[in-house]
Amino acid sequence: MSGILENLEYTGCTVNFKSFKKSYKSKRRIDVPREDWVIFENTQEAIIDKQTFDTVQKIRENKRRPTDMDEMSPLSGMLYCADCGKKMYLCRCTTMKQTEYFNCSTYRKQKKRICGSHQITVKAVTTIIQDDLKRTIHFAKNHNEEFLQTLRKDAEAKTKKELKENLREIETSEERIDKLDKIIESLYEDKVTGKISEERYLKMSDTYEAEQATLKERVKTLKAEIEKAKAQDDKILDFMMLIYKYSNFEELTPEILRSFIDKVIVHEKTQVNGHYRQTVEIVYNFVGTIVPTFFDDDED
């Protein structure tokens, strides 16, 4: 069953070089890492759309663990601590009343308190997400042009910043790659003329070639990110399609959560005028954070 759920061919792709044999005599095939597959898109009719396929992968990546009462939390694996960046764990309090809540995993594991608990109840975060999502859907449908302009403006500012940083790093990396070519060439000449030994040459050239290979891979990744950033408008349109697909949802299901939301970032509580306030950032798929949400917790 897992093989079917992870099969890219169902989205209309052709995937090559997923495995290989060390020699023609060997019958055993060796799996190739997913990032090294060669994928050709739109080569056949899709059985499932790419968006639904990606949602299924997210659900599978964050397999939910049963609570003590054998219930599954759709939010498991989606909450992150704003300070240390680690995932938050689902916990249950049974002393006074049964309450499910999330705690920072660093806080739970640490001996010295290097990070706060960032505790928030499942009920509170579910309400926050549901209300924010409904508010976003309502605004997007009733103020379509204004909503699109806002998303495009935010995306453009973010894209410009990322493009500038990535282009600068690409330029620096490519300069270093060219310089390494000259260094390796010079080393070879020194070996040929007897200035350095064969052993010394091999050791130094291996080091420089490893650095060069790492830089080339980094440049490849950065260029892919640039192309992805340029396709931001397509992502916004994908988000709008989700808006209309789930415009009348009643409750948060795993499918809706994974379709709309990338992750939820929870900040530590702060005291404001005698009340505890907690900031929750909902990072949406395709468009990122729209507006941070504040949760007033008077129970503490």
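**Ground rules.** I worked with a predicted model, in which local features need pLDDT of at least 70 and side-chain atom pairs count only at pLDDT 80 or more, while totals for chains, interfaces and linings use all residues. I numbered residues from 1 along each chain as its sequence is written, and side-chain values use heavy atoms, with hydrogens and water left out.

**Aromatic pairs.** I searched the whole structure and found six aromatic pairs, where rings of Phe, Tyr and Trp (its six-membered ring) pair if their centres lie within 6.5 Å, and planes under 30 degrees apart count as stacked, over 60 as edge-to-face and the rest as tilted. I looked up Phe147 and Phe239, whose ring centres are 6.4 Å apart with planes at 25 degrees, so this pair is stacked. Phe147 belongs to helix 5 (residues 144-192) and Phe239 to helix 7 (residues 232-245), so I noted a link between distant parts of the chain, 92 residues apart; helices (H or I, at least four residues) and strands (E, at least two) are DSSP runs, numbered from the N terminus. I found both Phe147 and Phe239 buried, a term for under 20% relative accessible area, with exposed meaning over 50% and partly exposed in between (1.4 Å probe, protein chains only).

I then turned to Tyr188 and Tyr201, which are edge-to-face because their ring centres lie 6.1 Å apart and their planes stand at 65 degrees. Tyr188 is in helix 5 and Tyr201 in helix 6 (residues 198-230), so the pair ties together parts 13 residues apart in sequence. Tyr188 counts as partly exposed because its relative accessibility is 44%, whereas Tyr201, at 12%, is buried. I also recorded one aromatic cluster, formed by Phe139, Phe147, Phe239, Tyr246, Phe260 and Tyr284.

**Charges over rings.** I found Lys134 over the face of Phe249, 5.5 Å from the ring centre, and the charged end of Lys263 over the ring of Tyr80, 5.7 Å from its centre. The test asks for NZ of Lys or CZ of Arg within 6 Å of the ring centre and within 35 degrees of the ring normal.

**Strand residues.** I located Glu281 in strand 11 (residues 275-284). I looked up Thr289 in strand 12 (residues 288-289) and noted that it counts as partly exposed because its relative accessibility is 33%. Leaving aside neighbours within four places in sequence, Thr289 is in contact (heavy atoms within 4.5 Å) with Glu281, Ile282, Val283 and Tyr284.
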